[in-house]
Amino acid sequence: MASPGGHGGGAVSTRGGGGTRRMKWALELSLGNTRQFPVPSCRSRGDRQSSQGDTLYPIGYSDKPVPDTSVQEADRNLVEKRCWDVALGPLKQIPMNLFIMYMSGNTISIFPIMMVCMMAWRPIQALMSLSATFKLLESSSQQWLQGIVYLIGNLLGSALAIYKCQSMGLLPTHSSDWLAFIEPPQRMEIMGGGMVL
Amino acid sequence: MANLRTCLAFLFLCCSLCDAVYEDQVGKFDWRQQYVGKVLFAHFESHSQASKKLILATDKNIVASLNPRTGDLFWRQVDKAGPEGHIDTLLFHGQDAVVVTGNGRLLRSWESSVGALNWEMLLDPGSFLAAVLVGTQDSVKFVAVLKKATVSLHYLSNGHQKWTETLPDSDTVHYQAVYSSGGSQLFVLGVVPHSHLSIITFNIEDGEITSQCNSAVCFSSEVLVIQARCTVVGQGVLICADASTLSLYMLPLSSEEPVGLQQSLDLDLALGFQPVLLTTQPNPARPPLAQFFLQLGPDHHVLLQLSDGHLSPLRDFQPAFLVSFATTGEKTVAAVLSPKNETACSVSLYSADSGRRLLDTTVTIHLDPNGGKPEKLYVHAFLKKDDSVGYRVLVQTEDHTITFLQQPGRIVWTREEALADVVTMEMVDLPLTGTQAELEGEFGKKADGLAAMVLKRLSSQLILLQAWIAHLWKLFYDARKPRSQVKNEVTIETLARDEFNLQKMMVMVTASGKLFGIDSKSGMVLWKHYLRNVQPNAVFKLMVQRTTAHFPHPPQCTLLIKDKETGLAALHVFNPIFGKKSHVTPPTLSRPVLQSLLLPLMDQDYSKVLLLIDDEYKVTAFPSTKNVLQQLQEMASAIYFFLVDASQGKLSGFRLRKDLSTELIWEVVIPPEVQKIVAVKGKRANEHVHSQGRVMGDRSVLYKYLNPNLLAVVTESVDTHQERSFVGVFLIDGVTGRIIHEAVQRKARGPIHLVHSENWVVYEYWNAKSRRNEFSVLELFEGTELYNSTVFSSLDRPHLPQVLQQSYIFPSSISTMEATLTEKGITSRHLLVGLPSGAILSLPKMFLDPRRPEMATEQSREENLIPYAPEMPIRTEWFINYNQSVTRVRGIYTAPSGLESTCLVVAYGLDIFQTRVYPSKQFDVLKDDYDYVLISSVLFGLFFATMISKRLAQVKLLNRAWR
């Protein structure tokens, strides 16, 4: 997680007035880390082609900085905090969802349906990628607690979506929803007749 | 606020229900045919050369004018049905058609060119006897009307009465005929039975009796009917034929002291035949011709001449069925119809003066072997340019067909007037085409190996492809021709089911005993079959025993014809597509048949079993093969039938025993002294109900009580007093006889129209207290739980259904009522109401719903219930027949089509109207004005745009890679 300082991989050299005034400024991308390998800024434009050879590093030199593997106490706190952020994310969304639910109303039209779909889809998506999230939380000490909180948050979110569906009447929970599947009863007796002709 | 909202909801609902026809849809799916009925009187208008017309008066109380070139109606005036509007006589002169209607109640004159009423006069009471045109000084000015006790003279121009005179001794003398010959005298002839003739002469100017004499001519027979057997010929000589002495009596009317002369003729009279005299008076202002016909037998006529007080036969016609006189200019000819062979008749002209046959005047009439014999002959003669006589004939046959022919036997047109009196009808699916049948057959065959199946499939697909290419080629070929030449003639050979089964065969049974097969798409009569020996008041019941679905077995219909007098019945089994009599021999029914019952059981050849119950309550099965009898034995305990005897007020239920006898299991008696049963209706056998319940506002279900054995019995009180009359409705289970519901509508009277379908009964009655027509609807529900959702048995239904009822005021009386019917019963139902005005109203069942609340609530709105309003609206856009009125609509027949949204409707009465209705709009069909061009152009445009942009994107990518 920890990364070395924010030194960029290039330097902008601005040239005042010396040499040929062909360009105002130029970006030297081929330069290495300026901290360890300062490049004289008085290099002329003309020998740029040959400057490739100057950036040859000694054998065993690594371009990348060696990460600092020693974890400090402050960093650990940061990780914990970040993990809790992830775990509590779904729960934090619930008040927002409640507000949207309230605003969109119970009429069945394209907009509320879209809302409901979105509300239902997000927790489901999150639940499907649960393993990836767990991997993310691996570094935390309270991994299991956070995982459960995350799960509960998502389940609550989907329950909310189901509740919304229910209040909109989209769930087949009434007998009327199954009416169309009732077969007409079979007739046991054959009957006919009428007025005497 | 709530009110406003309900109003808005209501308006919205109503707007969504409007389904009137667009102007360009007129005649696209519907057709109407107008009829006039059996012809009683016919006259040819021949005075003006330019506008020739045929004026008819018929037994349906209609005066009509036909175009002799096409047979189309110019105009038609429909009077009241029944004896009140009965046409007693039709006299025709110049432009005026004078009609006496309602047994001498009214005298009317119609303008023949446009059918407008010239004038109408109410005549004095008294039963009508005769009417005649009276002319003086070569012009016809008056109409004389003879009634039982009076004779009156009216002006032809305005109908005003010139004079009226009472006849002397009208209680003893039976006055029978009135006669005038252009002089100033009007003769009234009467008979005193067994005694003498009475002749009274009136002065036309003032109605004074100038002479009154009783002739001493003694007739041996009982009662004289002057018009049939006595007539006036020549210069006022009365001729009477006497059957017993085989002689003719002559009596000069104008002489002071009439002396009867008797002359015997050496002619044979057919046994038991009363001789008939036929004369002609070409001009009412002149005396009749001296020549006349004497009919001596059903096929024997003699042309006689009176000259110098002596009768002499001019020509003997035998065989000759019908004779007629026709006059053109100064020439009078006699037309004689004589049989040629089994299938043809010929009409020839003879000179009336000499009895000589006119050359080249034979018209050959080919008789339809499935039609009737000629019954009436009307001849229209005209002078050709070379001064010879040409003519056209109007022949009416027993089956009420009128055919108009011209020389030398070309049929100008034919009208099937039997269709003015349709009794019952059925619609039958058309057969599949050869290719469709090929495919169907493939599925029907037994599987014999994979390779063979594949080959068979490929071959049938090849045949389909071939047919399709042929169809395309025909389309292409027809498209090059001008549109007028392309005719889609429907013939019996090219009949095939269309894609959605919208075209069907209408099998119509008419009161005259003639059966018709009519194409429902075009209204063309494809076959007709006349059943001889059908009594005029016979009862018909038409049943479809085998539909077209069982290829290669032909479809089969059975018509039960019951003679009212003898009670004996006969079965006519025929193929409904071709009209041919089937080879299947129906059982001979020796005992009177009470009822019939079509079972859903099938024989090996897929024909449904028909049970006939005779007056000993024994059952005859048709077909009665071994297989059928075995099936019947197995099923016997589940077969029930009911009989309703309206005269005794008795409803009885029977059960079949294994030996095809029956046992009485229940009986309900409705005392006939108090109320009489007027109608009993069960449910239609081919009705499907898709939804088993109704969804309530709280989304629970109210299950319908769908008892297939339920009968709706309607009674009317015998006491018709306004305060005490009532109408009763009983819902009775036909298997157990259990009275499920009973409702009495007090201070109500019939006629009652009833529709019974699904779980509801709708009936209409006259509210005698409020003097208005009312609709009432009964709906039956089982409750929120089903007792048994898999089987329905009337024997196991412990709970009575919940019954809801509501009534509405309807602003019109109605003639008939029927409910729409669709294939699966998903589409909402409409009631089709035939109004006396000729309109057919498609009334949504939604308006007749006993659950309509008085105050709209949230839940009722959820259910789409319209708040209750006592008045039922009639919206003109609900008229499915826009301005095509169906006169005297008597019945409406509905049939499902292959499309769930579409129901085929036939309304019949005097006219026949066929259309399609879409009670829930055409939810399964693209609209007529669907913009195929726009949609396809957009599609293609998008497709090409995608292709082009894809190509462009590729180029761009490539260029970028090169950079």
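The model is predicted, so local features need pLDDT of at least 70 and side-chain atom pairs count only at pLDDT 80 or more, while totals for chains, interfaces and linings use all residues. Residues are numbered from 1 along each chain as its sequence is written, and chains are lettered from A in the order in which they are written.

Let's begin with chain A. Residues 144-163 are 100% helix and 0% strand, with end C-alpha atoms 28 Å apart. The unreviewed UniProt entry annotates this stretch, along with residues 99-124, as "transmembrane region"; such annotations may be inferred rather than shown by experiment. Residues 99-124 of chain A are 81% helix and 0% strand, and their end C-alpha atoms lie 20 Å apart.

Next, look at helix H3 (residues 130-137) and helix H4 (residues 143-168) of chain A, whose axes come within 10 Å and cross at roughly 145° (axes are lines fitted to C-alpha atoms over the stretch in contact, with angles from 0 to 180 degrees between N-to-C directions).

Now turn to chain B, where four antiparallel strands form an open sheet in the order S10-S11-S12-S13. Strands pair if DSSP finds at least two bridges between them. S10 (128-136) and S13 (161-166) of chain B each have a single partner strand, so one side of each is left without a neighbour in the sheet. Five bridges join S12 (residues 150-155) of chain B to S13(B), and B:Leu153 has B:Trp163 in S13(B) as its bridge partner.

Technical notes
Heavy atoms only, no water. Helix = DSSP H or I, 4+ residues; strand = E, 2+ residues; numbered from the N terminus.
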